[in-house]
Every structure is written in C-alpha cells, then in structure tokens.
Amino acid sequence: MDFDFSPVWGGWRELLHGAFVTIEVTLGAIILGCLIGLVIGLGRLDPRRRVVFGLCTAYVSFIRGTPLLVQLFIWFFGLPHFGLNFPAFFCGIVGMGIYSGAYVSEIVRGAIQSIERGQMEAARSLGMPYRMAMREIVVPQAVVRMIPPLGNEFIALINYSSLVSLLTIADLTHEGQKIISTSYRSLEVYLAIALVYFVLTNLTGLGLRLVERRLRAGGLV
Amino acid sequence: MALEPIVSARGLTKSFGPVAVLKGVDFDVMPSKVSVVIGPSGSGKSTLLRCCNGLETADGGTIRICGQTLIDGGRMLPEAALNTLRCQVGMVFQSFNLFPHLSVMGNITIAPRKLRGLSAAAAEAAARRLLDKVGLAHKADAYPMTLSGGQKQRVAIARALAMEPQVMLFDEPTSSLDPELVGEVLQVMKDLAAEGMTMMVVTHEMGFARQVADTVSVMDHGVVLESGPPAQVLVEPTEARTRQFLQRVLNPI
C-alpha cells in the first residue's frame, strides 16, 4: 500500500480556494437560515393564529420532509423549466438557507417556549405590550438556550454544503474531485478535504462555546 | 361621600375546563386599605387575584379597577387600554419572576424607561430610592441569580413599585421562601401598608393578616365564605368552614 499526497500539495491553491467557497456558501446559508428560522419560529408560537401558524407549519413540514439534495436539484435543474435560471452559487445559498430555516425555526420555537411562563406574565403585568415583552424579556433569554442546538445546525450545514459541489459550485469537495480526476489519488485527497471540514466544523463549535460562555456571564443560567 | 373601591369584583366566575374555580365572587379593595385573602389551596384565591390585572380572563361578572372596567361578561378591555391599566396595577408573584438577564437595577428600571418614558438617569435615581426602601441599596448591580429568595422578592416589590402603581397585588409572596426569610419580605409589605399603599394580598401568613390587614376574606371552593376585620374573621368566624380552615392552619400537627 502506498500513499502519495503530492497531488494534495500540488493543488493546495485550488483546495484553499474551494475551502473559501465552502465557507461563503455555508455562511450565506446560515445567515439566511437564521432570518427565516426566526420568522417561522415566531409564527409557530400561537396555534390560535390559524393562517400564520398553518403557513409556517406547512413550510417546516415540506422542507424537513424532503431531502436537501432533491431541493437543491429543484432550484438548479428544476426551476429553469419555468424560465427561472439562477446562478449555481445563488441556488446553493438559497437552497441551503431555506432548508436550514426549517430546522432553525424549531430551535427558535423550542427555546422561546422553554422560557418560564412567569417571565412573560411579569413583563405583561408591568404593562409591556406582547411584542415588547418578547423583545426585551423572553427572546434575550431564549437566545442563550438556542446556542447549543444552533451549533449542531451550523456544523451539519458545513458538512451538507459538500452537496453543492453537485451544482457545479467550486467548493472544497468539488476542487478535491477535480484533483482526483487527474491524479486518481482519491483516498489521499478525500482524507485531506475531510481534515479541512473537520477543522472548519470544530472551529465553529469552539466559537459558539465561547459566545455562549460570554452570554452566560451576563447573569443567565 | 363614600369612597369608591379601587378594586371591585362582582359576580366573578371562572372555569378551567370542567373545573369551576370562581363561582360568583364579590370582592372590594378600598383605597389605602390592605385586603388579605386567605383560604385552602385550590379555593380560587390566586385566580381571583390574577383576574384583577387580566392575567386570567374571568368568564362572567365584572371587575372595575383604578376607575376602569377591566372585564365585563367575559369581554376584556382592549389590548392598548389593558397595557395602560396594568401600568397602574403592581403585581408580585409567588415565584418572583425577576428577569435573570438583567441586573437588579435593570429589572427595576426597564418598565419605567420603556413605558413611562423616564430617562435612564431618572429611572435609576428612582430605583435607588426604592432599593433603599427595601433594604437592598448595595445590590443594585447584582444579578438575580446571586440573590437569596427574600432579596429576590424585595427586588420584585421594588420593580412593581417603580411604575408608581395605585394598587399592589401580591400572589402568595412568601410561599416559596425559606422560613427565616419570610420576615424581611413581610416587613417591607408592612412598611408599604403603613405608607398608605392599597394592597390586595393572597397569603397563608396569618400573623400578617392579623397585624396588617384592614379586611380579611376567607375563600373556599370558589366563593368568599366571609369577610371582615381580622379581629372578627380570625378570632370569631361565623362560618364553620372558616373555623376548620383556621384550626388546620394554626395547629397543623
């Protein structure tokens, strides 16, 4: 058995560029996913508001109920049938962001509903309108509880982002495959890009732990 | 001229599902008086109190509070008016419900700043006076997590007072405190009563009822059994069920 990592060294510029593309796509998807997740999660707090609750629930159920790869293919290969041609990069970010939004919405909803009812009651009994009580009292406490599950979600998203290589996006996986196609050194190249993903995911986990510690220092349990 | 009550409930009814918790309650709190509500758990006394600031919606009957009709026949005051009304009605909870992400100062100043438009400096000056009053001037920068139960409840009282309410509602304010911390909270409430604050207090503290209350009402199974000055209700109750209840509370073993 012989190992030859020279194609990896030879292609380090491409791999580095691919890593940056992976970071860009994932970061874009995280930001979009958090925005969508916040809106959808808030929309699912009160089942008595039937229309809003129904629409948000339908979103979560459809997006969580279908594979990410299929959703990405619909964006990139399906929508052009209706004359909707979006660039691959756009499809990658939007497809992953919309997918992630469904999961983030459940994180948002779970965290908000885990805040003791007495917090809302205390805020309302001081005279605060519902929205102010949410904004000033409930959500700031819920954010801290969102961080561990959000960490899971962000890390999963980094790993899932390798799927966008199938939309012709030149991400880390895609660049690796290009090197393999000329060098036939698949094990070495896949090990190398696995290491890069490992570093990216664990740095993300570490960063979120630091953020959480800082927030908790402000008196939150 | 007879004074108008600050809180006045008439024929109040409330059910949680099939359970009728209030079965036609009449109740008044006169200005600058302390009305204490006692009674066995499940008698509906906390629900009555929570109906008085709209945290619970009474199914039937009326509540007039601070000159406004809060609820009439199940129809609650509109949201905006309800929020304004709540600014005048202070509430203290059994479980304190301090905001854990804010310091003691933040807990007390947030509502006056956001709702009464006070500047940060004015709100803080007022908060320091209130903290001084409840004996916690040195805890302004502490977070709730670091306080004892008695300290938390005194901060919660200061937080409610910061809105300069016309009436204070206390929902079993000492029931989740260790016995040795009950006194410091009751003392603050006693001082407040002496200053002329109008108070409605749901409690199991018979000593407080005897010393501080102007009126004691006994509730059981969703009705007010009897109402009157503590010397009468606590010493010579007319109702047999009141006697039974007092006996159990005063001689638990």
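A residue counts as buried under 20% relative accessible area, as exposed over 50%, and as partly exposed in between. The model is predicted. At 45% relative accessibility, A:Phe3 is therefore partly exposed.

**Contact between chain A and chain B**

Chain A contributes 21 residues to the contact, and chain B contributes 25 residues. About 2,000 Å² is buried between chain A and chain B, and carbon and sulfur atoms give 63% of this area. Of the area that chain A buries against chain B, 29% comes from A:Arg124, A:Ser125 and A:Leu126, more than from any other three residues.

Three salt bridges are counted between chain A and chain B. In a salt bridge, A:Glu121 meets B:Arg50 through the side chains, at 2.6 Å from N to O. Seven residue pairs are in polar contact between chain A and chain B, with both residues at pLDDT 80 or more.

On the side of chain A that touches chain B, the elements giving two or more residues are helix 6 (117–125) and helix 7 (130–160) of chain A. Helix 6 of chain A gives the most to this side, with eight residues. By class, the residues of the side of chain A that touches chain B are ten nonpolar, seven polar and four charged.

**Salt bridges within the chains**

Over all chains, the structure holds 20 salt bridges.

| Pair | Closest N to O distance |
|---|---|
| A:Arg145 and A:Glu116 | 3.6 Å |
| B:Asp28 and B:Arg10 | 2.8 Å |

In chain A, A:Arg145 forms a salt bridge with A:Glu116. A:Arg145 belongs to helix 7 of chain A and A:Glu116 to the loop between helix 5 (88–113) and helix 6 of chain A, so the pair ties together parts that are 29 residues apart in sequence. A:Arg145 is partly exposed, at 32% relative accessibility, and A:Glu116 is partly exposed, at 45% relative accessible area.

In chain B, the salt bridge between B:Asp28 and B:Arg10 has its closest N and O atoms 2.8 Å apart. Because B:Asp28 lies in strand 2 (residues 19–29) of chain B and B:Arg10 in strand 1 (residues 7–16) of chain B, the pair ties together parts that are 18 residues apart in sequence. B:Asp28 is partly exposed, with a relative accessible area of 31%, and B:Arg10 is partly exposed at 36% relative accessibility.

B:Glu172 is in the loop between strand 8 (167–171) and helix 6 (179–194) of chain B, and B:Lys45 is in helix 1 (residues 45–51) of chain B, so the pair ties together parts that are 127 residues apart in sequence. B:Glu172 is buried, with a relative accessible area of 11%, and B:Lys45 is buried, with a relative accessible area of 3%.

A network of salt bridges links A:Arg44, A:Arg64, A:Glu106 and A:Arg109.

**Aromatic pairs**

The count over all chains comes to seven aromatic pairs. One of them joins A:Phe3 and A:Phe5, whose rings are stacked, with 6.0 Å from centre to centre and 10 degrees between the planes. A:Phe5 is partly exposed, with a relative accessible area of 29%.

For A:Phe86 and A:Phe90, the ring centres are 4.8 Å apart and the planes lie at 35 degrees, so the pair is tilted. A:Phe86 is partly exposed at 29% relative accessibility, and A:Phe90 is partly exposed with a relative accessible area of 36%. A:Phe73, A:Phe76 and A:Phe77 form one aromatic cluster.

A:Glu175 is placed in helix 8 (residues 172–183) of chain A and is buried, at 6% relative accessibility. Leaving aside residues up to four places away in sequence, A:Glu175 touches A:Glu14, A:Leu15, A:His17, A:Gly18 and A:Ala170.

In chain B, B:Ser103 lies in the loop between strand 7 (89–92) and helix 3 (104–115). B:Ser103 is buried, with a relative accessible area of 16%. Residues up to four places away in sequence again set aside, B:Ser103 touches B:Ala140, B:Asp141, B:Ala142 and B:Tyr143. B:Ser103 and B:Ala142 are 39 residues apart in sequence, and their C-alpha atoms are 5.5 Å apart in space.

Conventions: Residues are numbered from 1 along each chain as its sequence is written. Chains are lettered from A and ligands numbered from 1 in the order in which they are written. This is a predicted model: local features need pLDDT of at least 70, side-chain atom pairs count only at pLDDT 80 or more; totals for chains, interfaces and linings use all residues. Side-chain values use heavy atoms; hydrogens and water are left out. Contact means heavy atoms within 4.5 Å. Buried area is the accessible area (1.4 Å probe) that two parts lose on being put together, summed over both. A salt bridge is a side-chain nitrogen of Lys or Arg within 4 Å of a carboxyl oxygen of Asp or Glu. A polar contact is a pair of N or O atoms within 3.5 Å; within protein, one must be able to donate a hydrogen and the other to accept it, and residues adjacent in sequence count only if both atoms are side-chain atoms. Helices (H or I, at least four residues) and strands (E, at least two) are DSSP runs, numbered from the N terminus. Ala, Val, Leu, Ile, Met, Phe, Trp, Tyr, Cys and Pro count as nonpolar, Asp, Glu, Lys and Arg as charged, and the others, Gly among them, as polar. Rings of Phe, Tyr and Trp (its six-membered ring) pair if their centres lie within 6.5 Å; planes under 30 degrees apart count as stacked, over 60 as edge-to-face and the rest as tilted. Buried means under 20% relative accessible area, exposed over 50%, partly exposed in between (1.4 Å probe, protein chains only).
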